[in-house]
Amino acid sequence: MSIEAIAWALKYAAIPSPTPPGMPSAPALTLVLLGLANHASRQGEGAYPSVRTLAGYARMSERQVQRCLGALVELRIIGLGDQRQVAATISREDRRPICYNIRMSRRGGRSNGAASPVHRQPGRSRVELEHHAAAVEVFGEAQSGITMTDDAFTSRKSWTTDISIDHQGVTVVIEYDGAYWHRADAKILVDQRKSLDLLAAGYVVVRLREFDLPALEIEHPRYREIRVYPAAPRPRLVMEDIRNWIDDLPDDLLTA
């Protein structure tokens, strides 16, 4: 048993609540993580209880435990450990559980770099950078921090965009709205005006809004909001979803 690992799991583990759709609940993930911590070293390493043992701790099915372990890996709270450690103690390969390490160095991960200034890189958060990198992978090219001007803008002469993409001759603007900076009423108004100006100029606008932010209530066929979870980012899947949505838009809408 590691009191240090258990304390970290209770205080610092970046388990989102609520969890993204399709992922086990936050309480279920916490129970399984605590079960792992019970078998880890003080550094959170070398935990290899069986799935059956974890199921007994958490009072859930073995299948649910496996789903929880997969989600904890996806959230980057745990990772694969040294499997040789298991082989040294359990001779039969077919009975060896998987060894995991708990990533205890990731303290304060509940905002995962996307909300508070303490966790932000200068100018942009890590989550924003990951989405920009994913946009480059999916679309082939994506620019960041571009200042746009257009006669159709009515709120400001220019706007600086988070991500801008030229996709099949259509300009797509993707904005990442972190909860810390975009929660205030004044900022919500700015986000609405910026989106409406960009739409008036003929752009496709997508806002990635962290899950606890209110919707901007903009109704437009070239506008979309996507809920994102900073503690469980899925930037490539998000960008692929955006690309598929754009490709399905009517041609006359994109050339209007």
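Reader: In which loop does Glu217 lie?

Author: Glu217 lies in the loop between strand 7 (204–210) and strand 8 (223–228). Helices (H or I, at least four residues) and strands (E, at least two) are DSSP runs, numbered from the N terminus. This is a predicted model, in which local features need pLDDT of at least 70 and side-chain atom pairs count only at pLDDT 80 or more, while totals for chains, interfaces and linings use all residues. Residues are numbered from 1 along each chain as its sequence is written, and side-chain values use heavy atoms, with hydrogens and water left out.

Reader: What is the phi of Glu217, and is this residue buried or exposed?

Author: The phi of Glu217 is near 60 degrees, a positive value in a residue other than glycine. Burial is read from relative accessible area: buried means under 20%, exposed over 50%, and partly exposed in between (1.4 Å probe, protein chains only). Glu217 has 72% relative accessibility and therefore counts as exposed.

Reader: Which value of phi does Arg76 have, and where is Arg76 placed?

Author: Arg76 is not a glycine, yet its phi is positive, at about 65 degrees. Its place is in the loop between helix 4 (62–74) and strand 1 (78–80). Arg76 counts as partly exposed because its relative accessibility is 29%.

Reader: Which peptide bond is cis?

Author: The bond from Ser17 to Pro18 is cis, and its omega is near 5 degrees. Pro18 is found in the loop between helix 1 (3–11) and helix 2 (26–37).

Reader: How should I read the chain as a whole?

Author: One may begin with its elements: the chain has ten helices and eight strands. Its C-alpha atoms fill a box of roughly 70 × 35 × 30 Å, taken along the principal axes. Of the 256 residues in the chain, 47% are buried. Contact means heavy atoms within 4.5 Å. Among the contacts between residues at least 6 apart in sequence, 58% join residues at least 24 apart.

Reader: How is the packing of two helices described?

Author: Two packed helices are described by the angle between their axes and by the distance between the axes. The axes are lines fitted to C-alpha atoms, for helices over the stretch in contact, and the angles run from 0 to 180 degrees between N-to-C directions. Here, helix 2 and helix 4 pack at an angle of about 85 degrees, and their axes are 9 Å apart. The two helices are therefore roughly perpendicular to each other; angles under 35 degrees count as roughly parallel, over 145 as roughly antiparallel, 65 to 115 as roughly perpendicular and the rest as oblique.

Reader: Which residues make the contact between helix 2 and helix 4?

Author: Helix 2 contributes Ala28, Leu29, Val32, Leu33 and Leu36, and helix 4 contributes Val65, Cys68, Leu69, Ala71 and Leu72. The residues of this contact comprise ten nonpolar, no polar and no charged. In this division Ala, Val, Leu, Ile, Met, Phe, Trp, Tyr, Cys and Pro count as nonpolar, Asp, Glu, Lys and Arg as charged, and the others, Gly among them, as polar.

Reader: Which residues of helix 3 are buried?

Author: In helix 3 (residues 51–58), Leu54, Ala55 and Ala58 are buried. They cover an arc of only 105 degrees around the axis, which puts them on the same side of helix 3; the arc is that of the directions from the helix axis to the C-beta atoms. The buried residues of helix 3 pack against helix 2 and helix 4.

Reader: How many disulfides does a search of the whole structure find?

Author: A disulfide is a pair of cysteine sulfur atoms within 2.5 Å, and the search finds zero. The sulfur of Cys68 is 19 Å from the closest cysteine sulfur, in Cys99, too far for a bond. Cys68 counts as buried, at 0% relative accessibility, and Cys99 likewise counts as buried, at 0%.

Reader: Where does Arg207 lie, and is Arg207 buried or exposed?

Author: Arg207 lies in strand 7 and counts as buried, with 1% relative accessibility. Leaving aside neighbours within four places in sequence, Arg207 is in contact with residues including Glu175, Asp177, Asp191 and Glu225.
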